Each structure stands twice: as C-alpha cells, then as structure tokens.
Amino acid sequence: MNHRPLNGRLVIATHNPGKLREMRELLAPFGIEAVSAGELGLAEPEETGSSFRANARIKAEAAAAATGLPAFADDSGLAVDGLDGAPGIHSARWAGPDKNFRRAMEKVEADVATRLAGNPDARRAHFVSALCVAWPDNHVEEFEARVDGVLVWPPRGDKGFGYDPMFLPDGHDRTFGEMSSDEKHGLPPKGKGLSHRARAFLKLAEACLVRQ
C-alpha cells in the first residue's frame, strides 16, 4: 500500500479534552498544527460502527468533509475478558452523558465481581485504539493497536482519563492513572510508546509522518 504523507494543518476529530491533549502531544514532534473538532464547533457524528476502526473512520471522514482539511480520529476503549469484551466500543457511553467515568469504573467492577467465582481470568482486560486519517478527497489511512493488562480496585491515580485509574498494564506496577504522560504514551526517546494509542500512533507515524 502506498501511504500518503501527512503535514501542515490537521483537524483532530474529538470533543474529549483528555484525548485531544494526548493526540497533540503525540503530533508535536512532527510539526503538525492541530485544531480540534470541538474548537471548531463541529457536530459530533453518530458513531454507528460495529468496531473501533469503523467508528474512527466515521469521525475522521465527517471532520474532513466539514472542514476541507485532513482529519485524524481515534476510537478507543476498554475490553474486559470476563465481560465478553464489554464495554468495548461503548466505553464512553458507560460514563453517561455527563462523562462520569468514576461511575463507569464502578459499573465495570460490579459486573466483573459477579463473575469472579467462576472465571479466574475475569479481571484480564485490554485497551484498543483505532486511528484513522481521512482526507477531503476520500483517501483514508487506518491503524490499530492494543495493550494488555489487568483491572485493579479501587482505582489508583488521578492522571490520564477515562478508565486509566483501574487499568494496570502487563509488566508494570502502576496503573495508567498513576503514570505521567511521557510514561504512558511518550514516544521514543522520551517514552516507550506503552499505551494502545501510542502503539497505534507509532504505526501511523512510520507510514505518514516525518519527525521535525
């Protein structure tokens, strides 16, 4: 596949301030000027896809069509083994319209606890990130990655966002909520590209970006 270089101005198709902050940090070394869909006042498209990849594409294509600029979207979420992959693509919806992720984490924990007796691996989980870059001429680039770990309770740490405080990545003794941004999603040489979003972004960067 012939990948298309990405440069200049880019719309980040998100209204989530935590996700926007991470995306801007990831894009910074590549000299990309990024503005968010939220800052531009764009409407949020209905995410009707049945996968992370499909929903990322919906968001990226909508932002590209509305602005005439390349648009970059992420769709990501937590998949819990003991809950048959839930909340999955509905991860944000579990937090409700007021984005109460403490309540969402409590729901995950309550649902997992009901299955612990018969399933010793119920606390195994992974984060998935699907990234899509869409151009106004309908060219699309897509990348996906995951990070495996285990759920902890009570949640630990106040960094990151979403379900980060209850997710302990394999090989580490601190949750995403306890890690600095460099530790969680920093790219080499500052970090190790640990998070699902960083791992997907490394694939995108290799294909489409040039470090400044």
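**Exercise 1. Strand pairing**

Task: In this predicted model, how many bridges join strand E1 to E3, and do the two run parallel or antiparallel? Then treat E3 and strand E4 likewise.

Solution: 
- Step 1. Take E1, residues 9-12. It is joined to E3 by 2 bridges, and the two strands run parallel.
- Step 2. Find a residue pair. Ile12 stands opposite Phe72 in E3.
- Step 3. Move to E4, residues 124-134. Here 10 bridges join E3 to E4, and the direction is antiparallel.
- Step 4. Find a residue pair again. His126 in E4 stands opposite Ala79.

**Exercise 2. The largest pocket**

Task: What is the volume of the largest pocket, and which element gives the most to its lining?

Solution: 
- Step 1. Read the volume: about 870 Å³.
- Step 2. Look at the lining. It holds 38 residues. Nearest the centre lie Asn16, Lys19, Glu47, Ala92 and Lys99.
- Step 3. Assign elements. Helix H1 (17-27), helix H3 (52-67), E3 and helix H6 (196-208) each supply at least two lining residues.
- Step 4. Pick the top contributor. E3 gives the most, with 5 residues.
- Step 5. Sort by class. The lining has 16 nonpolar, 10 polar and 12 charged residues.

**Exercise 3. The second largest pocket**

Task: Which residues line the second largest pocket, and which elements give two or more of them?

Solution: 
- Step 1. Start with the volume, about 180 Å³.
- Step 2. List the lining: Glu25, Leu26, Pro29, Ser181, Asp182, His185, Gly186, Leu187, Pro188, Pro189, Lys190 and Arg211.
- Step 3. Assign elements. H1 and helix H5 (181-185) give two or more residues.
- Step 4. Pick the top contributor. H5 gives the most, with 3 residues.
- Step 5. Sort by class. This lining has 5 nonpolar, 3 polar and 4 charged residues.

How values were computed: Residues numbered from 1 in each chain as written. Predicted model: local features only at pLDDT ≥ 70, side-chain atom pairs only at ≥ 80, totals over all residues. Heavy atoms only, no water. Pairing = 2+ DSSP bridges. Helix = DSSP H or I, 4+ residues; strand = E, 2+ residues; numbered from the N terminus. 1 Å grid on protein atoms, 1.4 Å probe; cavity = no way out; pocket = protein on both sides within 12 Å on 5 of 7 lines; lining within 4 Å. Points joined across faces, edges and corners; volume = space filled by probe spheres on them. Nonpolar A, V, L, I, M, F, W, Y, C, P; charged D, E, K, R; others polar.
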